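Please keep the sequence and the structure in view while you read.

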Amino acid sequence: MWDTLTQPSDILLCSGPKTGTTWLKALSFAILTRGKFDASTSPLLTTLPHDCIPFLENHVEKIKENRSDLPLLATHLPYSCLPKSIIASNCKIVYIYRNIKDVLVSYYHFVREIAKLSVEDAPFEGAFDDFCQGISYSRPYWDHILEYWKASQEMPERFLFLKYEDLKNDASSYVKRLAEFIGRPFSVEEEKAGVLENIINLCSFNTLSNLEVSKSGSYQADENASLEHRLFFRKAEDGDWENYFTDAMKEKIDKLVDEKMSGTGLVL
Ligand code: A3P
C-alpha cells in the first residue's frame, strides 16, 4: 500500500500532535507554491493547511489517487512506525517540536474540545497524569522526539529539526532555513521584494486563525473523525502552561524531561 508513496524528492513533515504541525504545513506549502500564488491568491486563504498537505496515515488511498506535483506529505507517526519504503526512499524529513508543557496544555484542550467536555468535566490534572504516563495519540511525546532525533544523528543530511519557539521568535531566519532545506531558497531579490515577509505574514497565527475557513467547517481526519477547523487554532502563546501547572507538576515534568532528553541537546 505504501510502496510507491514517497520519492527521494519528497519532503515529509513530521511532528507530534499540537507541536505546530498546521503552521509547518502552511509555511512549507507557501514556500513551495510561491511561484504560482502570492499572498493574495494562495489556496491557504480558503483551505485548511491539513487539506493542502495530507497526513500519510489517514489519507493513503487519496494520496495515491491524486498525488499532485507538490512533494509534500505529513505524518504524526513515530519514526519507528514509518513504512520501511519511506525510510528507504531517502526523502527529506522536517521535524517540528515544541516546549513539552505547552504541548500538554494544547493537547488537553484539543482532546477536551473533541470530546465536547467542559474544563470542569475534564480537569487538567487528569490530562497531566495521562501525559506523564505516556498515554498519547502517537507515543509518549518524549519518545516521538527521541526516535526522530536518533535517526537524525545517523542521517543528518536528511533531517531538519525546527523548534516552534525558535520559529516564533526569529521567523525570518528559520523560514529561510526551511526554504533552503526543502530546496527553494529565497533569492536576494525575493527578500527585497518582501516575498519572505509576505509568506511569514500569510502563515502567521493571526492571519490563519482569522480566516473564514479556520472559523467554520470541519476537517475529515479519517472516516470516523471529523474535527472542527477552529480546533487547530487556539492561542499559540508560549508559556501558556504557567496558567495550568502547579509547582509539583512543573517539577515532575522537568525531571522527566531531564531523564529522557539528556544528551540530546534538545531543550523542551
Ligand atoms: P495552542 O493550543 O497552544 O494554541 P498542531 O498544528 O500541531 O495541531 O498544533 C496546534 C498548536 O499550534 C495550537 O497551539 C495552535 O494554536 C498553534 N498554531 C496553529 N496555527 C499556528 C500558526 N500559524 N502559528 C503559530 N501557532 C499556530
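One place to begin is the backbone of Ala-236, where a polar atom lies 2.6 Å from an oxygen atom of the ligand. The ligand, when taken alone, exposes 560 Å², and the protein buries 98% of that area. Please bear in mind that this is a predicted model, and that the ligand in it sits in the largest pocket.

- In the side chain of Thr-22, an N or O atom is found 2.5 Å from an oxygen atom of the ligand.
- The side chain of Lys-18 likewise has an N or O atom 2.8 Å from an oxygen atom of the ligand.

**The shell around the ligand**

- There are 18 residues around the ligand, and the ones that come nearest are Thr-21, Thr-22, Ser-106, Lys-235 and Ala-236.
- Sorted by class, this shell is made up of eight nonpolar, six polar and four charged residues.
- Two helices, α1 (21–32) and α12 (205–209), each supply at least two residues of the shell, and it is α1 that gives the most, with three residues.

**The largest pocket**

- The space in the largest pocket, where the ligand sits, comes to about 940 Å³.
- The elements that give two or more residues to the lining of this pocket are α1, α5, α8 (164–169), α9 (171–181) and α12, and α5 gives the most, with seven residues.
- In total 45 residues line the largest pocket, and those that lie nearest its centre are Lys-18, Thr-22, Phe-110, Leu-231 and Phe-232.
- By class, the lining of the largest pocket has 25 nonpolar residues, together with ten polar and ten charged ones.

**The cavity**

- Rolling a probe the size of a water molecule over the atoms shows where empty space is left.
- The residues that line the largest cavity are Gly-16, Pro-17, Val-103, Tyr-107, Phe-131, Ser-136, Ser-138, Arg-139, Tyr-141 and His-144.
- This cavity lining divides into five nonpolar residues, four polar residues and one charged residue.
- Both α5 (100–114) and α7 (141–154) supply at least two residues of the cavity lining, and α5 is also the element that gives the most to the lining of the largest pocket.

Notes
Residues numbered from 1 in each chain as written. Predicted model: local features only at pLDDT ≥ 70, side-chain atom pairs only at ≥ 80, totals over all residues. Heavy atoms only, no water. Near = heavy atom within 4 Å. Polar contact = N/O pair within 3.5 Å; in protein donor to acceptor, adjacent residues only side chain to side chain. Areas by Shrake-Rupley, 256 points an atom, 1.4 Å probe, with all protein chains shown as cover. 1 Å grid on protein atoms, 1.4 Å probe; cavity = no way out; pocket = protein on both sides within 12 Å on 5 of 7 lines; lining within 4 Å. Sits in = over half its atoms within 2 Å of the grid points. Helix = DSSP H or I, 4+ residues; strand = E, 2+ residues; numbered from the N terminus. Nonpolar A, V, L, I, M, F, W, Y, C, P; charged D, E, K, R; others polar. Points joined across faces, edges and corners; volume = space filled by probe spheres on them.
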